[in-house]
Amino acid sequence: MSVVQRQQWDVVVVGAGGAGLRAAIEAREQGARTAVICKSLFGKAHTVMAEGGIAASMGNVNSGDSWRVHFRDTMRGGKFLNQWRMAELHAREAPDRVWELETWGALFDRTGDGRISQRNFGGHEYPRLAHVGDRTGLELIRTLQQKIVQLQQQDFKETGDYESGLKVFQECTVTRVLKDEDGQVSGTFCYERESGRFFVIEAPSVVLATGGIGKSFKVTSNSWEYTGDGHALALLAGAPLLNMEFVQFHPTGMVWPPSVKGILVTESVRGDGGVLRNSEGKRFMFDYVPDVFKEKYAQSEDEGDRWYEDPDHNRRPPELLPRDEVARAINSEVKAGRGSPHGGVFLDVSTRMPADVIRRRLPSMYHQFKELADVDITAEAMEVGPTCHYVMGGIAVESDTAAARGVPGLYAAGEVAGGMHGSNRLGGNSLSDLLVFGRRAGLHAATYAVSRTARPTVADEQIDTAAAEALRPFSAEGQEEGVTPENPYTLHQELQQTMNDLVGIIRREAEMEQALRRLADLRVRARRAGVEGHRQFNPGWHLALDLRNMLLVSECVARAALERTESRGGHTREDHPAMNREWRRANLLCQLRDPTGGLAATDPVRGQITLTRETTEPIRADLLALFEKEELVKYLAEEELFE
Ligand code: FAD
C-alpha cells in the first residue's frame with residue numbers, strides 16, 4: 001500500500017487561472033476552508049496571456065449598451081446554441097464583476113472623463129471590453145492574487161496561520177478526482193511536479209478550473225498547461241462533456257517564423273482599426289459577410305472606416321465579424337492562392353494609426369513582432385493565420401450553480417466548462433465568464449461542502465489504484481517481453497499532427513474517421529509510454545500522464561465533430577457547409593464507457609467514449625423577445641418558432 005500524505009479541506013479548486021482564483025476567493029469568503037492546486041507557478045496561469053479585455057456592458061463609452069445587448073451579441077456569436085441561462089447570467093453579472101475587480105485594486109485604462117475605458121471587439125455591438133493596454137489578463141490575475149494574499153493576512157490575524165483558510169499548492173498536478181462509494185466527490189489525487197511525491201486532498205467539493213485543450217493541436221495559441229486535464233478528470237469521474245466539436249480557431253496567430261507559429265495576435269489590433277488584406281492588397285473580408293450578419297456590417301471600406309469615428313450612424317467593418325467567420329475567410333484566401341509568403345494573410349495597422357498610438361495601445365504586439373519576427377508593426381504589415389485558441393465544448397454544468405452533471409460535489413468554471421459560448425465564443429467573453437462563473441462555482445461548492453454532515457473518506461485501495469496508474473510509465477519496459485516503450489514526445493507530436501490535419505478548421509467525414517483510427521492506435525501505444533529516470537522533476541513523465549487526458553479529449557472532439565452534420569460556429573464541415581436549423585436543438589454529450597479505466601475504456605475498436613444526443617432546453621420567452629422575428633427565423637427550428 002502506498003503511504004501518501006492526506007490533508008482535509010472543504011473545497012479543492014483545481015486551477016489558479018481567473019476562474020479558479022475567483023472561485024477560491026468566493027469559497028473562502030463563504031467560510032469554507034479552501035485549497036487551490038495548480039500545475040504551474042502561482043500567478044503563471046494561462047489567463048495571464050489574455051490581451052484584449054473583459055467584456056461587460058458598463059456602457060462607459062456608448063451608453064446604448066446594456067446586458068440585453070450583450071446577451072444578444074453572445075447568442076448570435078454562439079449561433080444560438082449557447083446555454084441561454086448561462087449567457088443571461090453572464091451578461092447581467094459581468095459589469096459587477098469588473099467593478100468588483102476595481103475595488104480590489106485593478107487599474108484599468110480610463111476614458112477621457114475618468115471612467116473604465118472599453119474597446120471594440122468582434123461581434124460586440126458596442127465598445128465593451130474593459131482593458132489594460134493589451135495585458136488585461138495579467139492585471140486580472142495580479143488583482144485576484146492580491147485579494148488572496150489579503151484574505152490570508154486576515155486569516156493570520158485570527159489564527160496565526162496564513163494558510164489556515166486558503167492555501168495554494170503550486171506546481172502540483174491532479175490526476176484523479178476521487179469519489180466515495182455513494183458516488184459523491186471525496187477529494188483529489190495529486191503529485192508534486194518537483195519532487196514527484198503523491199498526496200491526497202480529502203474534500204466534499206472539487207471545482208475544476210483547468211482551462212482548455214489546445215495542446216492537442218499542433219498550431220495553437222495555448223500555453224503548455226492546456227492538455228485538457230479538467231475535461232478528462234470530469235469524464236473519468238463520470239460526468240459528461242457537452243458539444244466538444246466546437247473548437248475555436250482564432251483568425252490571427254503568427255505564421256512566421258516556424259518556432260512561434262500559432263502565438264496569438266490579439267483581436268484588439270482589428271478592434272483598434274487594423275485591416276486584413278490578401279496578397280493582391282484587397283480588403284477581402286467584404287466578400288465574406290454571411291447572410292445572417294449582412295444587415296449589421298458595412299458594405300464598403302468607406303462606411304467601415306467611418307464607423308470607428310461615428311459608430312451610431314455607420315455599420316462596423318467586416319474585419320470585426322465573429323472569429324469563426326474571419327478564420328474561415330482567411331483559410332479560403334490562402335487556399336485560393338492569395339495568401340502571404342508564409343501561408344497567412346496580411347494584418348495591417350501601420351497605415352491606420354500613428355506609430356506612437358500603436359506603441360501605446362498595442363505594446364505587447366509591438367514587442368512580440370519586433371522580438372520574435374523582426375517585424376516593426378508601426379511600419380509594415382503582420383503575417384497572420386488561424387490558430388487553435390479556445391474550446392467552447394466542456395463539462396456539462398447546471399447553469400446557475402456550475403455543478404457538473406451527475407457527480408455530486410463536482411463543479412466546473414472557466415474554459416473547462418461547456419455551454420456558455422454555444423458554438424463560438426466572442427472575444428472578451430472568456431474573462432467575464434471566468435469571473436461570473438468562477439464566483440458562482442465557489443459559492444455553490446462552499447455551500448454544498450459546509451452543509452455536509454459527515455466528511456468524505458478516501459479508501460486506501462483508491463489511492464493505490466491512482467498511484468499505480470501514475471507510476472505506470474516507469475515500468476513500461478517490463479510490461480510485455482520484447483516490446484519497446486513508446487516515447488511520450490513522439491506520441492504527443494503524432495497526436496497534434498492528427499488533430500491539426502484531420503479535425504482542424506475545415507472538417508471532412510473521411511478525415512475524421514481516419515483521425516479516430518489514428519487516435520485508437522495512439523491510445524494503445526500510449527499505454528506503453530515509458531520514461532526513464534526518477535520522479536523528481538521529470539517532464540517526460542508529466543507528459544506521459546497528460547497524454548491520457550489529451551487522447552480522451554481528442555476522441556470526444558473527433559466523435560462529436562463526425563456526428564454533427566452541419567457547419568456552425570467553430571465547427572465547419574466541408575461536406576455539410578450550411579448551418580441546419582434542426583441541429584440547433586441538438587446537444588452532443590460525450591461520456592466515458594468505463595470510468596474505472598478498465599479494459600473497456602481502452603477498446604481499440606469501440607473507443608472510450610459513448611456519444612448521445614440531447615434536445616436543448618427551449619429559450620425563455622422574454623429572452624427570445626429581445627430578437628426580431630426575422631432574425632430568429634434564421635436560427636431556430638420550425639417547431640421552436642411555432643412554440
Ligand atoms: P487558466 O487561466 O488556463 O487556468 C488553468 C489553471 O489550471 C492553471 O493554473 C493550470 O496550472 C491549472 N491546471 C490545469 N490542469 C491541471 C491539473 N491537472 N492539476 C492542477 N492544475 C491544473 N479571453 C478574453 O476574454 N479576453 C482576452 O483578451 C483573451 N485573450 C487571450 C489571449 C491569448 C494569447 C490566449 C491564449 C487566450 C486569450 N483569451 C482571452 C482566452 C482566455 O485567456 C482563457 O480562456 C482563460 O484565461 C481561461 O481561464 P481559466 O481560468 O479557465 O484557465
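The questions and answers below go through a predicted model, from the ligand surroundings to the sheets and the helix pairs.

User: Which element gives the most residues to the shell around the ligand?
Analyst: Of the 41 residues around the ligand in this predicted model, Gly-15, Gly-17, His-46, Gly-211 and Gly-414 come nearest. The elements that contribute two or more residues to this shell are helix H1 (18-29), strand S3 (34-38), helix H4 (136-159), strand S8 (172-179) and helix H11 (429-451). The one that gives the most, with four residues, is H11.

User: How many residues of the shell around the ligand are charged?
Analyst: Sorted by class, the shell around the ligand holds 15 nonpolar and 21 polar residues. The charged residues in that shell number five.

User: How far apart are the end C-alpha atoms of residues 10-431?
Analyst: An unreviewed UniProt entry places the feature "domain: FAD-dependent oxidoreductase 2 FAD-binding" at residues 10-431. Over that stretch the chain is 29% helix and 18% strand, and its end C-alpha atoms are apart by 26 Å.

User: Why is one side of S4 and of S5 left without a neighbour in the sheet?
Analyst: These strands belong to an open sheet of three strands, in the order S4-S6-S5 and with antiparallel pairing. Strand S4 (54-55) and strand S5 (118-119) each have a single partner strand, so one side of each lacks a neighbour, which is to say that both stand at the edges.

User: Which residue in S6 stands opposite Ile-54?
Analyst: S4 and strand S6 (residues 129-130) are paired in the antiparallel sense, over two bridges. Across from Ile-54, the residue in S6 is Ala-130.

User: Which strands stand at the edges of the open sheet of four strands?
Analyst: This open sheet has antiparallel pairing and the order S17-S12-S19-S20. Two of its strands have a single partner strand each, so one side of each is left without a neighbour in the sheet; they are strand S17 (394-395) and strand S20 (609-615).

User: What angle does the direction of H16 make with that of S20?
Analyst: Strand S19 (residues 586-592) and S20 run antiparallel and are joined by seven bridges, and Asn-587 stands opposite Glu-614 in S20. Helix H16 (residues 539-563) packs on this sheet, where it touches strand S12 (241-242), S19 and S20, and its direction makes with that of S20 an angle of about 45°.

User: How many nonpolar residues does the contact of H14 with H15 have?
Analyst: Helix H14 (residues 488-502) and helix H15 (residues 509-526) pack with their axes 10 Å apart at an angle of about 170°, which means that H14 is roughly antiparallel to H15. Among the residues that make the contact are Leu-491 and Leu-495 of H14 and Leu-519 and Leu-522 of H15. By class, the contact has two polar and four charged residues, while the nonpolar ones number eight.

Note on methods:
Residues are numbered from 1 along each chain as its sequence is written. This is a predicted model: local features need pLDDT of at least 70, side-chain atom pairs count only at pLDDT 80 or more; totals for chains, interfaces and linings use all residues. A residue is near a molecule or strand if its C-beta atom, placed from the backbone, lies within 6 Å of it. Ala, Val, Leu, Ile, Met, Phe, Trp, Tyr, Cys and Pro count as nonpolar, Asp, Glu, Lys and Arg as charged, and the others, Gly among them, as polar. UniProt positions are given in the numbering used here, feature names are shortened, and annotations may be inferred rather than shown by experiment. Two strands pair if DSSP finds at least two bridges between them. Axes are lines fitted to C-alpha atoms, for helices over the stretch in contact, and angles run from 0 to 180 degrees between N-to-C directions. Angles under 35 degrees count as roughly parallel, over 145 as roughly antiparallel, 65 to 115 as roughly perpendicular and the rest as oblique. Two residues are in contact if their C-beta atoms, placed from the backbone, lie within 7 Å.
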